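Dear colleague,

I am passing on the structure below, followed by my notes on what was found in it. Please read the notes with the coordinates open beside them.

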Amino acid sequence: MELGMVGLGKMGANMTVRLVGGGHRVVGYARTKSAVDAVVAQGAAGADSLASLVGQLAPPRVVWLMIPSGAPVDQTLEALRPLLAPGDTIVDGGNSYYRDTLRRAKATADAGFRFVDVGTSGGIWGLREGYSMMVGGDVADVERLRPILETLAPGPRLGWGRMGPVGSGHFVKMVHNGIEYGLMEAYAEGFAVLRAKAEFALDLHQVAEVWRNGSVVRSWLLELTEAALAENPTLAGIEPWVADSGEGRWTVTEAMELNIPAPVITLSLQARLRSRETDPFAERLLAMMRNKFGGHDVKRET
């Protein structure tokens, strides 16, 4: 099967290499020529424009987007619209907000194209381990993509599946990432407690190594934590600044709209926001409140 891949960042490039290794013909396009050259060196065909990419694919075409969520997706869809023909399929494999996916799928259908959303997990390890893919779309559209999905997944029947209609793939991936926030925060807090018990002089790397074999808290995330602690046991040089890419926020918003309590995911998101405060006003105000009502000491900046 042949496929056009738009977006050749690390994850998109790795997916392209895996597809080529699986016997598929892939045409890759990115705004950066060096990214295209890199996948061409691995056996893919290259394109220097969206028009060139579409022109190299036999109809009915499949064009897979691996680009940042938000405006870049809308801009790319707008650019593709005059290049594609009825019956062609667009796949959004990025971390798009599912409500945006529903809007885009309708606009795509109105233009005569097919649309499939694939929530993709696996990151930079997907080339080696395979990708977990949560797929949303009509049954026939997903079946048409089966050879591609089976190649990208850990196994033909492992790590991927049709979640439901269009939008469901990105919805499930959104919640997946919200859960990921909570898991990461729990590990981080637990290891912080272990480190604070100075009299035991615990080796955090050893703890992680023990836990990841046989323990109920073992996971791939713990394996990555163990690897990080092996490389840098004290995390020297790492700023305590944690980004969020949006999925946690969307999950919290959806939970509130559905009247579903999600305190762990919500607090883990708040912890990330707090990590970015270099001059936390709230804590300074708390200190002054205690001073005003109780005369408690306030530490002054030096």
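A residue is called buried when its relative accessible area is under 20%, exposed when it is over 50%, and partly exposed in between, with a 1.4 Å probe and protein chains only. By that scale Thr 101, with a relative accessible area of 0%, is buried. The model is a predicted one, in which local features need pLDDT of at least 70 and side-chain atom pairs count only at pLDDT 80 or more, while totals for chains, interfaces and linings use all residues. Residues are numbered from 1 along each chain as its sequence is written, and side-chain values use heavy atoms, with hydrogens and water left out.

Thr 101 lies in helix 5, where helices (H or I, at least four residues) and strands (E, at least two) are DSSP runs numbered from the N terminus. Not counting residues up to four places away in sequence, Thr 101 touches Ser 96, Phe 115, Asp 117, Val 166, Gly 167 and His 170, contact being taken as heavy atoms within 4.5 Å.

Eight strands form an open sheet in the order 3-2-1-4-5-6-7-8, with mixed pairing; two strands pair if DSSP finds at least two bridges between them. Strand 3 (45-46) and strand 8 (160-164) stand at the edges with a single partner strand each, so one side of each has no neighbour in the sheet. Strand 7 (residues 132-136) runs parallel to strand 8, to which four bridges join it, and Met 134 stands opposite Gly 161 in strand 8. Helix 7 (residues 139-152) packs on the sheet, where strand 7 and strand 8 are among the strands it touches, and its direction makes about 155° with that of strand 8; such angles run from 0 to 180 degrees between N-to-C directions, the axes being lines fitted to C-alpha atoms, for helices over the stretch in contact. Helix 8 (residues 168-196) also packs on the sheet, touching strand 5, strand 6, strand 7 and strand 8, and its direction makes about 15° with that of strand 6.

On its other pairing, strand 7 is antiparallel to strand 6, over five bridges, and Gly 119 stands opposite Met 134 in strand 7. Four of the five residues of strand 7 are buried, so the strand is largely enclosed by the rest of the structure.

As for the aromatic rings, a search of the whole structure finds four aromatic pairs, a pair being two rings of Phe, Tyr or Trp (its six-membered ring) with centres within 6.5 Å, and counted as stacked with planes under 30 degrees apart, edge-to-face over 60 and tilted for the rest. The rings of Tyr 97 and Trp 250 are stacked, because their centres are 4.7 Å apart and their planes are at 25°. Tyr 97 lies in the loop between strand 5 and helix 5 (98-110), and Trp 250 in helix 11 (residues 247-257), so this pair ties together parts that are 153 residues apart in sequence.

Finally, Leu 221 is found in helix 10 (residues 220-231) and counts as partly exposed, at 22% relative accessibility. Leaving aside neighbours within four places in sequence, Leu 221 is in contact with Leu 183, Met 184 and Tyr 187.

With best regards
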